[in-house]
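Dear colleague,

I am passing on the structure that we spoke about, and below it you will find what was found in it. Please read the notes beside the structure itself.

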Protein chains: 2
Amino acid sequence: MNDSDDGKGQAAPRKRADARRNERALLDAAAAVFVTSGVEAPIRDIAARAGVGVATIYRHFPTRAELIIAVYRHQIEECAKAGPVLLASSASPHAALGRWINLFVDFLVTKHGLAAVLQSDDAGFQQLHGYFLERLLPVCAELVAAAVEAGEILPDLEAYELMRGVGNLCIGAESDPRYDARRLVGLLVEGLRRR
Amino acid sequence: MNDSDDGKGQAAPRKRADARRNERALLDAAAAVFVTSGVEAPIRDIAARAGVGVATIYRHFPTRAELIIAVYRHQIEECAKAGPVLLASSASPHAALGRWINLFVDFLVTKHGLAAVLQSDDAGFQQLHGYFLERLLPVCAELVAAAVEAGEILPDLEAYELMRGVGNLCIGAESDPRYDARRLVGLLVEGLRRR
DNA sequence: CACGATAAGGAACCGTGTTCCGTTTCGCAA
DNA sequence: TTGCGAAACGGAACACGGTTCCTTATCGTG
């Protein structure tokens, strides 16, 4: 990744030093606040923690989704990259799929409120949903396809539906000790299996 | 937990006629608005539709959860009552469990936003969560127990977890044609099966 | 019919997201 | 080093929805 490349691809108009400093401060502050108050924490809290005004957040991250993506982009990349690795190193495609989904679940469950916001039908979060899909769906689809080809699972479920289902199962998992999302996801993956 | 009866019925101190009229109007208005705008529709919308002031809603239904419960109470009762019936009339306990869960899913999926709000960790909705649990968990538990006893499913999942999982899978199902909650729930139930 | 209790209505209040605008800071060049 | 225009900033102001408060209207009984 490039230091001043925002990932949009075109020639970046060269940002001012204070802008870069603030962006960094915002990312750090957001990460910290997300941990304690969840990804829906008030904008003002994040701004305060970063020592900037609210408008500065909007300038750098016009939507909350963009801020969330920026904070977690690295971890999401990691997860995406793990797919092919697991496929190559596991005993079977179905096993790889299961392990990869565990990775995904671990990520979601440890980010307070992320799973919920990911499925929100609020317009501002479509971006977030879109980003996750764009980045992780191909990986998931590859694993599913491999498992289908190996005859381990039935070909009747789209990878999209699987990912949404898994995401849904993770909602609220961090705030209810009686609810173990991992177990249910495991059951779901088990249910895919051809019998 | 409940002082004998948490319903409306018995020792009511005799309400005034206009109060009863407004309560009815509110229930009708809420039902209509829930259909078009979901269960999180603005209070003011419901008040306007019923032709009353906002305070009147709070007087009759102090929390949104109470309003939602009042609107859907009848259907929830129906669902609860269907459990034993299905158990008696189905070929096997596992089949009965599957059918009953389908009923539950159908109910949730057709109530815009209800599944989401059901899992919300917002304090005001704990009541709603609590009511569903209180009413439906015993039914589900009975079906699960029967299936376990018949040796059809493994005894390693609490009915609570199953219900929460099913509820979670229903989130957002009404607003995404690519996502079929019924199918995923079916897979989950399939995953329960002993193999 | 009068009067007290019950209920109604809507303005006001509060917290949070979002926008606007005057002020400050930066980076460049003279 | 200083001056200047553009970039960026901060916080007040606005929008919106939930919740409360207080005054007024209505009910129903004596």
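In these notes a polar contact is a pair of N or O atoms within 3.5 Å; within protein, one of the two must be able to donate a hydrogen and the other to accept it, and residues adjacent in sequence count only if both atoms are side-chain atoms. The model is predicted, so that local features need pLDDT of at least 70 and side-chain atom pairs count only at pLDDT 80 or more, while totals for chains, interfaces and linings use all residues. Residues are numbered from 1 along each chain as its sequence is written, chains are lettered from A and ligands numbered from 1 in the order in which they are written, and side-chain values use heavy atoms, with hydrogens and water left out.

DNA strand D

From chain B, an N or O atom in the side chain of R16(B) is 3.1 Å from a base oxygen of DNA strand D. Counting a residue as near a strand if one of its heavy atoms lies within 4 Å of it, 25 residues surround DNA strand D, and the closest are R16(A), N22(A), A55(A), T56(A) and R44(B). Of the atoms of DNA strand D that come within 4 Å of the protein, sugar and phosphate account for 53%. Helices here are DSSP runs of H or I with at least four residues, numbered from the N terminus, and α3(A) gives the largest share of the surface near DNA strand D, five residues.

DNA strand C

Around DNA strand C there are 24 residues, the closest being R44(A), Y58(A), R16(B), N22(B) and A55(B). The side chain of R16(A) has an N or O atom 3.0 Å from a base oxygen of DNA strand C, whereas a polar backbone atom of I43(A) is 3.0 Å from a phosphate oxygen. The side chain of H60(B) also has an N or O atom 3.4 Å from a phosphate oxygen of DNA strand C. H60(B) is found in helix α3 of chain B and, at 17% relative accessibility, counts as buried, a word that here means under 20% relative accessible area, with exposed meaning over 50% and partly exposed in between (1.4 Å probe, protein chains only). The largest share of the surface near DNA strand C, five residues, comes from α3(B).

The two protein chains

At its N-terminal end α9(B) is capped by D180(B), a side-chain oxygen of which lies 3.0 Å from the backbone nitrogen of R182(B).

With best wishes

Terms used: Helices (H or I, at least four residues) and strands (E, at least two) are DSSP runs, numbered from the N terminus.
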